[in-house]
Amino acid sequence: MSVELTMLLYSTILFFVLIMIPAGEAILKNGGAVQAGPRDNMPEPTVFNKRATRLRNNMMENMVMFAPLVLIAHAAGVSTESTILGAQLFFYARVVHAVLYLFPVPWVRPLAWAVSVVGLFKIALALL
């Protein structure tokens, strides 16, 4: 498997973990029965849960760009130093971004996001 596809796999695993964080925290806070029900009258989420949900949503938005770029590169048979570095930048920056988001570190978190965007651009530019 290519490095780019491996980074896509790792990013997908990271995304799943980020889905489970607010879900798990809600189960711990509200109980499994409440979370398994229709969730019509849920209590207000904790600040941490809101932050974890925003992080999950942010990762979803970024995966929508990353996955097609990697799959297009793979389908086109394009694997260069630029696509490899781009995929690695994306994944590792997203790990750092997640940690900085969950344990709020202002000003530095956007830098991690920016590095992941540079990774996206590196892949996209290699495909042009």
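This is a predicted model: local features need pLDDT of at least 70, side-chain atom pairs count only at pLDDT 80 or more; totals for chains, interfaces and linings use all residues.
Is Glu-44 buried or exposed? I read a relative accessibility of 54%, so Glu-44 counts as exposed, the cut-off being over 50%. Next I looked for what Glu-44 pairs with. I found a salt bridge to Lys-50. The closest N and O atoms are 2.7 Å apart, within the 4 Å that the rule asks for. Lys-50 has a relative accessible area of 35%, so I logged Lys-50 as partly exposed.

**Overall fold**

I turned to the whole chain. How many helices and strands does the chain have? I counted 5 helices and 0 strands. Read along the sequence, the pattern is α-α-α-α-α. I took the extent of the C-alpha trace along its principal axes and got about 50 × 30 × 20 Å. The chain has 128 residues, and buried residues make up 35% of them.

**Largest pocket**

I checked the largest pocket next. Its volume is about 240 Å³. The lining is made by 18 residues. Which residues lie nearest the centre? I listed Pro-22, Ala-26, Gln-35, Arg-39 and Asn-49. H1 and helix H3 (47-76) are the elements that give two or more residues to this lining. H1 gives the most, with 8 residues. I also sorted the lining of the largest pocket by class: 8 nonpolar, 5 polar and 5 charged residues.

**Nonpolar patch**

I looked at the surface for nonpolar side chains. One patch is formed by Met-1, Leu-9, Tyr-10, Ile-13 and Val-17. Together these residues have about 500 Å² of accessible area. I followed up on Tyr-10, which sits in helix H1 (residues 3-30).

**Trp-107**

I then checked backbone angles. Trp-107 is not a glycine, yet I found a positive phi of about 70° there. Most residues other than glycine have a negative phi, which is what made me stop at this one. Where is Trp-107? I placed Trp-107 in the loop between helix H4 (81-102) and helix H5 (109-127). Trp-107 is exposed, because its relative accessible area is 75%.

**Leu-55**

I wanted a buried residue for contrast and took Leu-55. Leu-55 is found in helix H3. Its relative accessible area is 1%, so Leu-55 is buried; the limit is under 20%. I took one distance from here. Leu-55 and Met-1 are 54 residues apart along the chain, and their C-alpha atoms are separated by 28 Å. Met-1 is also a member of the nonpolar patch.

**Gly-37**

My last stop was Gly-37. At a relative accessible area of 30%, Gly-37 is partly exposed. I then took the distance to His-74. Gly-37 and His-74 are 37 residues apart in sequence. C-alpha to C-alpha, I got 42 Å between Gly-37 and His-74.

Terms used. Residues are numbered from 1 along each chain as its sequence is written. Side-chain values use heavy atoms; hydrogens and water are left out. Patches are made of residues with over 30% relative accessible area and no salt bridge: like charges are joined within 9 Å, nonpolar side chains (Val, Leu, Ile, Met, Phe, Trp, Tyr) within 5 Å. Accessible areas come from the Shrake-Rupley method with a 1.4 Å probe; for residues, only the protein chains shown count as cover. Helices (H or I, at least four residues) and strands (E, at least two) are DSSP runs, numbered from the N terminus. Buried means under 20% relative accessible area, exposed over 50%, partly exposed in between (1.4 Å probe, protein chains only). On a 1 Å grid over the protein atoms alone, a cavity is a set of points where a 1.4 Å probe fits but cannot get out, and a pocket is an open set with protein on both sides within 12 Å along at least five of seven lines; lining residues have an atom within 4 Å of a point. Grid points are joined across faces, edges and corners, and a volume is the space filled by probe spheres set on the points. Ala, Val, Leu, Ile, Met, Phe, Trp, Tyr, Cys and Pro count as nonpolar, Asp, Glu, Lys and Arg as charged, and the others, Gly among them, as polar.
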